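Here's a quick tour of the fold, a helix pair and the ligand site. Have a look at the structure first, then read on.

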Amino acid sequence: MKSISVFQLNDGSKIPAIGFGVFQIPNDGATYDAVLNALEVGYRHIDTAVAYFNEEEVGKAIKDSGIPRNEIWVTSKMWLQDYDYVDAKQAIERSLTKLGLEYIDLYLLHQPYGKLAEAWKAMVEAKAAGKIRSIGVSNMTPKIWTKWQQQGLFDDVLPSVNQVEYNPYFQQKELRQLMADNQVTLEAWGPLGQGNSELFSEPLLQSIAAKYDKNVGKVILRFEHQEGMIIFPKSVRKERMQSNLDIFDFQLTSDEMDGIRGLDRGQGRHNPDAPGVQEMLLQAFDVHKNE
Ligand SMILES: NC(=O)c1ccc[n+]([C@@H]2O[C@H](COP(=O)([O-])OP(=O)(O)OC[C@H]3O[C@@H](n4cnc5c(N)ncnc54)[C@H](OP(=O)(O)O)[C@@H]3O)[C@@H](O)[C@H]2O)c1
């Protein structure tokens, strides 16, 4: 099996630089199959969340894979509804139970709204208790990060990662500088632009792909990897899982990197700063609906 490169986080943990995302894969057996296939082709990092409703299948696939626990990095995320301190503690326990794990490698506050200080306290305590190895945030824009940092949220424990939307059309230049200044690693969600066909048709990406005899997906992911992003493309197709992982046998030149940097449009599909996002998300995902 080829080795996957790792990045070191600010708490010393080493995270596989590429993983497998399971957003929107149903919990009808499809997530189980996808994760088992992903582990079989060589992924050792799975990115799930309470709000994906598929933690149980992720955990079952990990168990049935027979791969030692300490060889797989597992990320999950607390949903907005659970940010009260007591709820947050319970949410962490529920994730551990659903995943069937004794510890979670990385747990994130999925959305940057509401009682973040209470939820962060529960996360810090779970980390100290060894239930979570690394803790982080997600969807924090420069504006949101700065607001919470000024309020002292991260005075005791700094997030290890900020997981945000990122692809060649949305390269998060301001946020990347801010996170670098704070020694926080960025993770890219939607690294393939969530399958955006316009992105896959970009002439520049197609010509680079032709030069290296690779597909466009590999060129996008290779670019992001060389930019230092942690990436976890999602696919339910085994041949794409394999292809997306197999990006370590070629290297883009600095001119090619600059060319792809030029595709940046400075905005993505989701704007966490927009008014009403918290309410929209709470309506869209009710993680307690079946209780
Ligand atoms: N923190 C957050 O708020 C947040 C938000 C969104 C996502 N995420 C995380 O980020 C992960 C990745 O993002 P994502 O799933 O939204 O989108 P993505 O990985 O950018 O794109 C997935 C889409 O691209 C297609 N695809 C995969 N490989 C391809 C290839 N080589 N060529 C062409 N198309 C390809 C997939 O289709 P097939 O499945 O049919 O192959 C799927 O439609 C998620 O699974 C989740 O873990 C986090």
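## Overall fold

The protein chain is built from 12 helices and 10 strands. Keep in mind that this is a predicted model.

## Inside the chain

Of the 291 residues in the protein chain, 43% are buried. If you take contacts between residues at least 6 apart in sequence, 79% of them link residues at least 24 apart.

## Helices α2 and α3

How do α2 and α3 sit relative to each other? The axes of α2 (residues 55-65) and α3 (residues 85-99) come within 7 Å and cross at roughly 45 degrees. That angle is why the two helices count as oblique to each other.

On the α2 side, the contact uses E55, E56, V58 and G59, which meet S95, K98 and L99 of α3. By class, the residues of this contact split into 2 nonpolar, 2 polar and 3 charged.

## Around the ligand

Which residues are closest to the ligand? Its shell holds 26 residues, and the closest are G21, W189, G195, G217 and K234.

Sorted by class, that shell has 13 polar, 9 nonpolar and 4 charged residues. Helix α10 (residues 238-245) gives the largest share of the shell, with 3 residues.

Note on methods. Residues numbered from 1 in each chain as written. Predicted model: local features only at pLDDT ≥ 70, side-chain atom pairs only at ≥ 80, totals over all residues. Near = placed C-beta within 6 Å. Helix = DSSP H or I, 4+ residues; strand = E, 2+ residues; numbered from the N terminus. Nonpolar A, V, L, I, M, F, W, Y, C, P; charged D, E, K, R; others polar. Buried ≥ 20, exposed ≤ 12 C-beta atoms within 10 Å, placed from the backbone. Contact = placed C-beta atoms within 7 Å. Axes fitted to C-alpha atoms, helices over the stretch in contact; angles between N-to-C directions. Parallel < 35°, antiparallel > 145°, perpendicular 65-115°, else oblique.
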